[in-house]
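Subject: Structure handover

Dear colleague,

Here is the structure you asked about. Please look through it first; my notes follow below.

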Amino acid sequence: MQHATGLRPSPQILISDTDHDRLTGLARTVLDRAPETAEELLAELDRAVITQAAAIPAGVVRMGSTVTVRGEGSDIKRITLVYPGDADIAENRISVLTPMGTALVGASIGQVVCWSGRGGHKLSVTVEAVDTPAGGGEH
């Protein structure tokens, strides 16, 4: 389905109630320091379908998931989606408060997620695999 502007609607995302609550609180906490990042995360949370953690199917990116993504040019990366205090780029632990992290939360295998990089450059990856965190992602 195409909108009049020619843009496709964003794919549906699924988030656990616990992750939704924690991420909403996190976004509100950083609203003054990083309004653009916080507003992007809040927009993603607003469009999410919220359910209990036990009802989230395998293959959906949640907090703590290790995600295999295929970028443009077919390069493959494995990253883990984490809260800001656990981020470590050297270990491929990506904060949910990065544009890529915000784009990945709630996505499913096969979805293409897009975000704006530095200078407004559009970036995207395809979710190839999702390893569910131990404990279902609830921290």
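Which residues are exposed on the other side of H1? They are Asp 21, Arg 28 and Thr 29. Please keep in mind throughout that this is a predicted model.

Helix H1

Helix H1 covers residues 17-29, which makes 13 residues. At 1.5 Å a residue it should span 18 Å, and its end C-alpha atoms are 18 Å apart, which agrees. The buried residues of H1 are Asp 19, His 20, Leu 23, Thr 24, Leu 26 and Ala 27. Viewed down the helix axis, these buried residues fall within an arc of 165°, so they line one face of H1. Their cover includes strand S1 (14-16), helix H2 (35-47) and strand S2 (49-51).

Apart from neighbours within four places in sequence, His 20 is in contact with Ile 15, Leu 45 and Ile 50.

The nonpolar core

The largest nonpolar core has 31 residues. Leu 23, Leu 41, Val 96, Leu 104 and Val 105 are the members that touch the most other members. Two or more residues each come from H1, H2, strand S3 (66-71), strand S4 (76-82), helix H3 (99-104), strand S6 (112-116) and strand S7 (122-131). H2 gives the most, with four residues.

Salt bridges

How many salt bridges does the structure hold? There are three.

One of them joins the side chains of Arg 47 and Glu 44, at 3.2 Å from N to O. Both residues lie in helix H2, three residues apart, which is about one turn of the helix. Glu 44 is buried, at 9% relative accessibility, whereas Arg 47 is partly exposed, with a relative accessible area of 29%.

Another salt bridge is formed by Glu 128 and Arg 70, with the closest N and O atoms 3.4 Å apart. Glu 128 belongs to strand S7 and Arg 70 to strand S3, so this pair ties together parts that are 58 residues apart in sequence. Both are partly exposed: Glu 128 has a relative accessible area of 33%, and Arg 70 stands at 31%.

The remaining salt bridge is between the side chains of Arg 78 and Asp 131, at 3.1 Å from N to O. Arg 78 lies in strand S4 and Asp 131 in strand S7, so the pair ties together parts that are 53 residues apart in sequence. Arg 78 is partly exposed, with a relative accessible area of 45%, and Asp 131 is partly exposed as well, at 36%.

Regards

Technical notes. Residues numbered from 1 in each chain as written. Predicted model: local features only at pLDDT ≥ 70, side-chain atom pairs only at ≥ 80, totals over all residues. Heavy atoms only, no water. Expected span 1.5 Å × (residues − 1). Buried < 20%, exposed > 50% of the residue type's maximum accessible area, 1.4 Å probe, protein only. Arc of directions from axis to C-beta. Contact = heavy atoms within 4.5 Å. Core = buried A, V, L, I, M, F, W, Y, C linked by side-chain atoms within 4.5 Å. Salt bridge = Lys/Arg side-chain N within 4 Å of Asp/Glu carboxyl O.
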